[in-house]
Amino acid sequence: MSAIPAIELIDVGKHYGAVSVLSGINLSIAEGEFMALLGPSGCGKSTLLKLIAGLEELSEGEIYVGGRLANYLKPSDRDVAMVFQNYALYPHMTVRENIGFPLKMSGLAKDAVRGKVEDAASFLQLGAQLDRFPDELSGGQRQRVALGRAVVRQPLAFLMDEPLSNLDALLRVEMRTELVRLHKRVGRTTIYVTHDQVEAMTMANRIVLMHKGVIQQVGTPAEVYSRPANTFVATFVGSPTMNLFKGRIESGGNGRKFVGPFELPLNGMGTKLADGPATLGIRPEKVQIAGADTSHALTGTVELVERVGADSFIVAQLGGGTSVNARVDAATEIKEGDLVAITLPAGALCLFDAEGIAVEEGT
Amino acid sequence: MAVETAARLPPAIAADHARARRARRRRNELLRHLALAAITFVLVAPFYYVFLASLKNATEIFSYPPKLLPFPPYLGNYEKLLFHTGFLRWMFNTLFVAGSVTTLKIFLDSMAGYALAKVDMTGKKVVFMAMLILLMVPIGALIVPLWSLMSSIGLIDTYAALILPPLANPLGAILMRQFILGLPKDLDNAARLDGLSEFGIYWRIVLPLIKPGLVVLAVIIFTDQFMSFIWPLIATTSDDLQVLTVGVAALRAHGGANYGLWSASAVMSLIPVGVFFFVLQRQFLARSLAGALKQ
Amino acid sequence: MVESGVTAMAGTAGRLRLSPAEHRRLARKARLKRELTGWMFLGPMFLCFLLFLVIPVCGTVWWSLQTGNIVGGTHFVGFDNFAQLPDTVGAGSAIANTLIFAVISVPLILVGALAVALVLARIEHGGSIYRFLVYFPVLVPGVVAALIWLFLTNIDFGLFNNLRKAFGLDPITWLSADNALGLLAVLDVWRNVGYWAMFFVAAIIGLPTELYQAAELDGASVWARFRYLTLPLLRRIIFFAVIVSTIWGLQVFDTALVLTNGGPGTATTTVIYRVWLFVFQSNNKVGFASAISLVLIVVILALTLVQMRLLRDRRGID
């Protein structure tokens, strides 16, 4: 990997009049990286993609593509290719003409165009469709034509705007693997916009979580999962969502403890956090459920058991309206109404301050 | 199928019901045909009546009871019309002007519609609003300033005077904008990324895809121009620039009551549009749908 | 990896590599290019729009404040033209005639069109022939339509009187001072019913059939289905049709000229007709003509705004 990032965003912002859609975006995308822009609808991820592509104008900041300042370059001069959510195939051109179009526009000789088109088509298993029109193709085939049109340019980076969201569930999973395989083979920088955290988690090298036009966290899937930067990230990533308990940190005789729906000694955690309001978080699969016995501090009653094949999802009531989500092995014998002992292992806990921002652990 | 419920009718009665329904349907259809036949007869009969008159000489026209079939046909009216009046010239003028306006507007309006739909420019909203508001202001209400304007440029009594003012009608631009907005999303963005200039996008992507809309537009404009009267009336004075509508009106106004001539002129005037309409029926009827598009 | 670890907001907040001034300059250049492109597309049509529609509208205002002739001099008289309008011979009657004309023709056109559309929408075979025939009169230029109606209304050999004779009745003067305006309205109905019929057919076909099936199951009669289902559903479209056909009705001129020359007397002299007479057939009346034109324009604009307000209720203008 070269030292120059493939795409760099510095203090990028976009606003329409008084409404700010993006602000303070700083991002550095390495060459060959698969980066996912993840967030709920309206968070600005598609706008960010369009800014990189040059289809929208920046309000502030700078974008560098391949080391060159791209702010004032035409989209076609930026050496990026885009796959749109609705594919945007030219309805009046055949598949062959669609895929070959960008090459034709760049002035390549007819034979060269033909050759590249056929390479791309066979690569994407579209050989038989070359002389058909988009409206004769299935959704999955159209998507591959859109990919072909992007691939054939051999651009610096691929920009993908929720390309799988128009496909049915089965096809989506299939195409997901195809895209990852494609990325491994071609090795080009890819920026992938999605609202589906499963897609982002399974496909990306790094994920950028966005909310209301601001980057919430940038990290690998593992980092984003196990060390979320704030409560938004914590609840957006992972299914079922992380358990969050609101309460306070209090110092007392026996050391500091978390006081909320239950009491939990902190044992040296949260040293950087002052006393005061805080939120405690733990992922469902880290919650330990066992038969009730008196030695445990935390007990609850099982309210719901969802058996989903290899796992079972438990919802246990602690009383006072607080419930805990837990994931256990399907083999565990448990049924609704059982009294259970709940253990929240210290190593799996996440602490968030009053604003919901994660507290870094010292040592 | 073995489930018997109280609601199930025995097959014989069910068949009766079905037969009654079919008969009722047939009867309703027959009534509809009768109603429509009557209505269309009333609407179309005048044309036939005038067609008959055009093939009668002066005495036959006034005779009662009137001849109901055009045999033997008297061709003197048509002869007079075609060879002793400027009718053919008028027809040419109308077709020329209507054709020019239509061709020009196809490009002007589609380009304007493209800008309004797909190009990010300041003042777009204002321009569009202005067009919507002034859409229904007719040329007939503007004859004073228009005539004065044309006169001061010295264009009165030229083809330019006939062709230019109709170009101002914003209906075309509004329609084109609507059609272009209806194109698949991001098509222009994909084209921009592929390297097309704005004009390239307009020419190679948008125009081919809105062809049906262009045909509808052409039909609307051509028909409007064919029928326009008051502006050509005042914009042209010399004989060889008269358009069809004005020339035919002049037949009525001058030269006494030559009914035969008048009826022949009516019939001949209808031939081009009649043929046009017959060939392009669907596009003509889409003209009414264009209004429904606004909903 | 450049950025591992966890940061909520500030990343490596880099410094911009180009000065703000440079950015402003380049941004302005890019924006200018974009605007220019846009105006190259919009420009030609917009220019025509300005020259031959917007400016003439303003011109009408100016002319309405003058008195004189359209060629040669005029001088400013302020609002005098408007003040004298009610007393000016021909102005009041023109407005009255036009209003009466619209009041007669518009309801007839729309009721007729709706009736035809209801039948036409449900016909199963042969619909296209009827559509062609019903729509045909729409394509007839006003001048020609009036000529045709001369042949219907002529005292001696007109179709109407021939029919009367066939039933043993005496021929009557169809274009008398009392009847002419009404007949002009009927002519307009004949011409325009087809246009709106097609319009309503498209709308009716777009109505959801499930509603009608449900109503039929509930035992609603044909009339009840029309009154409680069709009419309310078509309310907006009918309203639209009323406004637009009224605006068109107010412009009547060709037919009035050719059918009756505005007469007998001034019985069928409409607004635009009067304007034409004032400008091209009289002296010193261009101010009045423009004043009347302005009144017409204002009425049309008012109707347009009413209609736009109606459409905006459901969906904003893009």
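## A buried helix in chain B

The buried residues of helix H9 of chain B are B:Leu187, B:Asp188, B:Asn189, B:Ala190, B:Ala191, B:Arg192, B:Leu193 and B:Asp194. This comes from a predicted model. H9(B) covers residues 187-194, and eight of its eight residues are buried, so the rest of the structure largely encloses this helix.

What do these buried residues pack against? Part of the answer lies in chain A: helix H1 (45-53), strand E6 (80-83) and helix H2 (95-105). The other partners belong to chain B, namely helix H4 (87-118) and helix H10 (198-209). Just after H9(B) comes B:Gly195, with a positive phi of about 110°.

## Where chain A touches chain B

Two of the elements just named return here. The contact between these chains joins 16 residues of chain A to 14 residues of chain B. On the chain A side, E6 and H2 are the elements that give two or more residues. The largest share comes from H2(A), with three residues.

What classes of residue make up this side of chain A? Twelve are nonpolar and four are polar.

## Where chain B touches chain C

Chain B also meets chain C. Here 82 residues come from chain B and 83 residues from chain C. Helix H1 of chain B, residues 11-54, gives the most to the chain B side, with 13 residues.

The chain B side of this contact can also be sorted by class. There are 63 nonpolar residues, 13 polar and six charged.

## A helix pair in chain B

Helix H8 (residues 171-181) and helix H11 (residues 211-227) of chain B pack together. Their axes are 10 Å apart, and the angle is about 165°. Angles over 145 degrees count as roughly antiparallel, so H8(B) and H11(B) are roughly antiparallel to each other. Their crossing is right-handed.

Which residues meet in this pair? H8(B) brings B:Gly172, B:Leu175, B:Met176 and B:Phe179. H11(B) brings B:Gly213, B:Leu217 and B:Ile221. By class, the contact holds five nonpolar and two polar residues, with no charged ones.

## A helix pair in chain C

Chain C has a helix pair to set beside that one. Helix H7 (residues 180-205) and helix H10 (residues 235-249) of chain C have axes that come within 12 Å. They cross at roughly 155°. H7(C) and H10(C) are therefore roughly antiparallel to each other. This crossing is right-handed.

From H7(C), the residues in the contact are C:Asp188, C:Asn192, C:Trp196, C:Phe199 and C:Ala203. They meet C:Ile237, C:Ala241, C:Ser245 and C:Gly249 of H10(C). The classes here are five nonpolar, three polar and one charged.

## Chain C as a whole

Chain C contains 13 helices and two strands. How does its radius of gyration compare with that of a compact globule? A compact globule of 318 residues would have a value near 20 Å, but chain C has 29 Å. The C-alpha trace spans about 105 × 75 × 30 Å along its principal axes.

Of the 318 residues of chain C, 41% count as buried. Now take the contacts in chain C with a separation of 6 or more. Residues 24 or more positions apart account for 71% of them.

## Chain A as a whole

Chain A has eight helices and 20 strands. Its C-alpha trace spans about 80 × 45 × 40 Å along the principal axes. Of its 363 residues, 42% count as buried. Among contacts between residues at least 6 apart in sequence, 64% join residues at least 24 apart.

A:Ala6 lies in the segment before strand E1 (7-16) of chain A. Is A:Ala6 buried or exposed? The cut-off for buried is 20 or more other C-beta atoms within 10 Å. A:Ala6 has 24 within that distance, so A:Ala6 is buried.

Set aside its neighbours within four places in sequence. A:Ala6 is then in contact with A:Ile29, A:Ala30, A:Glu31, A:Gly66, A:Leu156, A:Ala157 and A:Thr189. A:Leu209 gives another view of sequence and space. A:Ala6 and A:Leu209 are 203 residues apart in sequence. In space they are 20 Å apart, C-alpha to C-alpha.

Key
Residues are numbered from 1 along each chain as its sequence is written. Chains are lettered from A and ligands numbered from 1 in the order in which they are written. This is a predicted model: local features need pLDDT of at least 70, side-chain atom pairs count only at pLDDT 80 or more; totals for chains, interfaces and linings use all residues. Two residues are in contact if their C-beta atoms, placed from the backbone, lie within 7 Å. Helices (H or I, at least four residues) and strands (E, at least two) are DSSP runs, numbered from the N terminus. Ala, Val, Leu, Ile, Met, Phe, Trp, Tyr, Cys and Pro count as nonpolar, Asp, Glu, Lys and Arg as charged, and the others, Gly among them, as polar. A residue is buried if 20 or more other C-beta atoms lie within 10 Å of its own, exposed if 12 or fewer, and partly exposed in between; C-beta atoms are placed from the backbone. Axes are lines fitted to C-alpha atoms, for helices over the stretch in contact, and angles run from 0 to 180 degrees between N-to-C directions. Angles under 35 degrees count as roughly parallel, over 145 as roughly antiparallel, 65 to 115 as roughly perpendicular and the rest as oblique. A crossing is left-handed if the near helix is turned anticlockwise from the far one by less than a right angle, and right-handed if clockwise. The radius of gyration is taken over C-alpha atoms; the globule rule is 2.2 Å times the number of residues to the power 0.38.
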